[in-house]
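Hello,

Here is the structure for you to look at.

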Amino acid sequence: MPGNDAEKTAKIQVWWDMKDCPIPEGYDARRVRPSIERAFKEIGYTGPVSITAYGDQTQTPCHVLRGLSSTGVAVAHTKSDTTRSVMYRDMVEWRGQNPPPATIMIISDQVEGDFSWDLARLQQRTSYDLFTAYSMNPCNDLILVYYGNWRWEQLLEEGGAQLVAGGSSSAMFYCKTCNFDCQSLKKFTKHLSSYKHGMEEAIDPPDTLLCVTKTWARNYPATPEHATAKIHVLWDMNDCPIPEGFDARLVRPSIERTFKEIGYSGPVSITAFADQKQTPIHHLLALSSTGVDFSHTLSWVHYSRMITEFEKWTKNNPPPASIMIISDEVASSKYRSTLICRKLQESNYKCFLAYSVRPFEMPVLVTSAEWLWESLLAVSETKRHILHKCSSESERVVSSTGMFCCTLCLCDCKTLDDFNKHLASEDHTEEENRMTSHSQSFPGRRRQFKISNYYDEASFFLLNSDIDSQNVNTCPKYKYVSFHITYML
Ligand SMILES: [Zn+2]
Ligand SMILES: [Zn+2]
């Protein structure tokens, strides 16, 4: 978890896009560093700060360059349209050389998009305390967990007038186009006006941000701490149904075996989500006989109930532990997987995916393995004997308060009989009708979000593109705000 002592005294690395977040007219460039340092100190981060300022430095006045370098701010020249990708590349390189604990800060208006997608994936594998600052466009991409999102001008204003004493001469000047560096401003400006530099700029390719995580493999063997840790499976029976003629009793052993093959042998719990009134009784019987739990949902709350269950489970089962999602929609939708993605950045959980159809785009979730649902099940057909063996009664460690849960009424039943009785009851029907009419009272809305604890049946409201997350984001405690989003169709 973030914010422990080691992280608070660890080094802080800052990448600053000077074009997006410029030094205001008349502002002393020497105040930039103390302002940033002060902002961090206010929230308890006291480690040494390194800052690199990126931009077209031929446009930056000499006194600004001098002011920055005299306070130890490194200056990097980039062609304006490559600043974002150069900053990103430098950050990735820095991460490779500086393992956590450490803090990173990005000052830019262009974090949203492929930048945040790739960074969210990097953070799931290796987590740093992440801060951002923006001038015009705060990054509203909820997949990224950051601990602070400052408004640049405000950060500078609140920095006070105190200047750092003396001139640190260690600050460097870099030309990112030519791979040139020097320690003297005079040499730097001479370089930028040279013919050779002009030629290099002319042939420099246009901006392309390289998403480094796209080349990551998806199969990683279990680490010792995860090898015997608990595994919880959230199975979307709509997206990934039991194939025609397939013995439902083999679902659990198939999943267990697949995990064992890649070194995960911890106890497996499985919850199956669907409108269970539609599930054939022989499937209910067969699955429950192998210790699979059921959640009854309706289509428009299907995914939100899965995510709620995910949150509940991770709350009760701290890492190291693993989570498996069997769902096309969660695997392919960035929105559906937002909360899982955030949890993976914060905590040491492993994530697995299975789907009927391979997602068109790489999921934002960083997984330790992925499978096609049917091929995962087909394994069991050919190796039935082994499967039965690895799913002996003694291994069925399923700790659940109720095998059958109606997620509409939040009612747990211990037996299938009780569950069926509940689903046929007046109370349940009333609840279903209430939810149906609720969903119909928002015609034409494709997505509804509900922020607040799900069980707190209070305020529904729509979260649209002009989300007022600014206030939340600038709060240093943003991270600790209980942040539940429920997506509905
Ligand atoms: Zn150059
Ligand atoms: Zn119910």
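Predicted model: local features only at pLDDT ≥ 70, side-chain atom pairs only at ≥ 80, totals over all residues.

Residues are numbered from 1 along each chain as its sequence is written, while chains are lettered from A and ligands numbered from 1 in the order in which they are written. Helices (H or I, at least four residues) and strands (E, at least two) are DSSP runs, numbered from the N terminus.

One sheet

The order β6-β5-β4-β1-β2-β3-β7-β8 describes an open sheet of 8 strands with mixed pairing; two strands pair if DSSP finds at least two bridges between them. The edges are β6 (148–151) and β8 (180–182), each with a single partner strand, so one side of each has no neighbour in the sheet. From one strand to the next, the twist averages 15°. Axes are lines fitted to C-alpha atoms, for helices over the stretch in contact, and angles run from 0 to 180 degrees between N-to-C directions.

Strand β5 (residues 129–134) runs parallel to β6 and is joined to it by 4 bridges, with tyrosine 134 opposite arginine 151. Helix α2 (residues 32–42) packs on this sheet and touches β1 (12–17), β2 (49–55), β3 (73–77) and β6; contact means C-beta atoms, placed from the backbone, within 7 Å. The direction of α2 makes about 130° with that of β2. Helix α4 (residues 83–97) also packs on the sheet, touching β1, β2 and β4 (103–107), and its direction makes about 170° with that of β1.

β2 and β3 run parallel, joined by 5 bridges, and glycine 55 stands opposite histidine 77. In β3, 4 of the 5 residues are buried (20 or more other C-beta atoms within 10 Å of the residue's own).

Another sheet

Here 8 strands form an open, mixed sheet in the order β14-β13-β12-β9-β10-β11-β15-β16. β14 (369–372) and β16 (411–413) are at its edges, each with a single partner strand. Neighbouring strands are turned by 20° against each other on average, direction ignored. β12 (residues 321–326) and β13 (residues 349–355) run parallel and share 6 bridges; isoleucine 323 has cysteine 351 as its bridge partner.

The helix pair

α12 (residues 302–316) and α14 (residues 338–346) pack at about 20°, with axes 10 Å apart. They are therefore roughly parallel (angles under 35 degrees). Ile307, Phe310, Glu311 and Thr314 in α12 meet Leu339, Ile340 and Lys343 in α14.

Regards

Key. Parallel < 35°, antiparallel > 145°, perpendicular 65-115°, else oblique. Contact = placed C-beta atoms within 7 Å. Buried ≥ 20, exposed ≤ 12 C-beta atoms within 10 Å, placed from the backbone.
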